[in-house]
Amino acid sequence: MPFADRSEAGKRLGKALDRYRGDNVVVLALPRGGVPVAAEVASHLKAPLDLLLVRKIGVPTHPELAMGAIVDGDDPIVVRNEDVIRLAWVSAAEFDKSCERELAEIERRRRLYVGNRHHVDVKSRIAIIVDDGIATGATVRAAIRGLRRRKPCSIVVAVPVAPPETIEELRKEADDVICLEEPEFFQAIGLYYRDFRQLRDQDVIALMDAAQARVASGTSSTVDK
C-alpha cells in the first residue's frame, strides 16, 4: 500500500506541490476524508485551509455509485452523470429527491464545520482542491465548476491516488492536476492506505481549528490528527 495514512499522504502531496509554495494560495479540503490530507498540504505550503462542501449523489439502489454531485454555494451547482442516470433507470423525481437529501447534509456540515468562520476569499488566488483520493471524479468536477464562480486565478486538483482515466478527464477541467499514484487497475481508495479509518465530525472540526490557529500564529508546524 502506497500510504500509511492520510497524514502521511498529505505530507508527500505537499512536497509534490512545492512549486506553489510562496504563491498566493488557498487549500480547499473536501470533507471528511480530504481534511487530514489538506491540513498537511496547507501546513507545508504555509497557506490557509478552508472547506469545499461537495456531496456525491448516489444511485438510490446503489448509493456508492455516483449519478452526480452537488457543491455548496449561494447557487448550488449540480453535476449530472447522464450515463449512470440512464443505465440505472433513475427518474427525474428520484434524482431530485436525492439532490434534496444531499443539500440538507451539506447545510448540516456547513453549520457544524464552518460555524461563524468566514470563508477564505479565493478570488484572484490559486485554489488547490485536495481529497484523499478520487474514483469517478464526479464530486471533484462539481467542486471545480462551483469554485470557478468564486473567480480564483487558477484551480489545482491534488490527490494521493486516482485512476489514470479519471485524472485525464480532470485535466480538461482544472488548470493543473497533481496525483501521486495512478494505478492502472484501480480499486477502492481505501485499499491504497494501511489506515483508512472513517473520520468523525469532531476530527474535522479539530483539524480546522488547528489550521486556523497555525495561520493566526504565523507558524508552519504540522497539524496533528
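Predicted model: local features only at pLDDT ≥ 70, side-chain atom pairs only at ≥ 80, totals over all residues.
Visitor: What is the mean pLDDT of the chain?

Guide: pLDDT is the predictor's confidence in each residue, from 0 to 100. Here the chain has a mean of 90, and 96% of its residues reach 70 or more. Over residues 220-225 pLDDT stays under 50.

Visitor: How does one read two helices that cross, such as α1 and α2?

Guide: Helices are DSSP runs (H or I, at least four residues), as are strands (E, at least two), numbered from the N terminus. Axes are lines fitted to C-alpha atoms, for helices over the stretch in contact, with angles from 0 to 180 degrees between N-to-C directions. In this model the axes of α1 (residues 6-16) and α2 (residues 34-45) come within 7 Å and cross at roughly 35°. Contact (heavy atoms within 4.5 Å) involves residues including Ala9 and Leu13 of α1 and Val37 and Val41 of α2.

Visitor: Which peptide bond is cis?

Guide: Most residues other than glycine have a negative phi, and most peptide bonds are trans. The bond joining Pro31 and Arg32 is cis, with omega about -5°. Arg32 sits in the loop between β1 (25-29) and α2.

Visitor: Where is Lys46?

Guide: Lys46 lies in the loop between α2 and β2 (49-51). Its phi is positive, about 55°, although Lys46 is not a glycine.

Visitor: How much space lies in the largest pocket?

Guide: On a 1 Å grid over the protein atoms alone, a pocket is an open set of points where a 1.4 Å probe fits, with protein on both sides within 12 Å along at least five of seven lines; lining residues have an atom within 4 Å of a point. Points are joined across faces, edges and corners, and volume is the space filled by probe spheres set on them. The largest pocket holds about 1,000 Å³. Among the 35 residues lining it, Lys56, Asp131, Asp132, Thr139 and Ile189 are closest to its centre. β3 gives the most to this lining, five residues.

Notes: Residues numbered from 1 in each chain as written. Heavy atoms only, no water.
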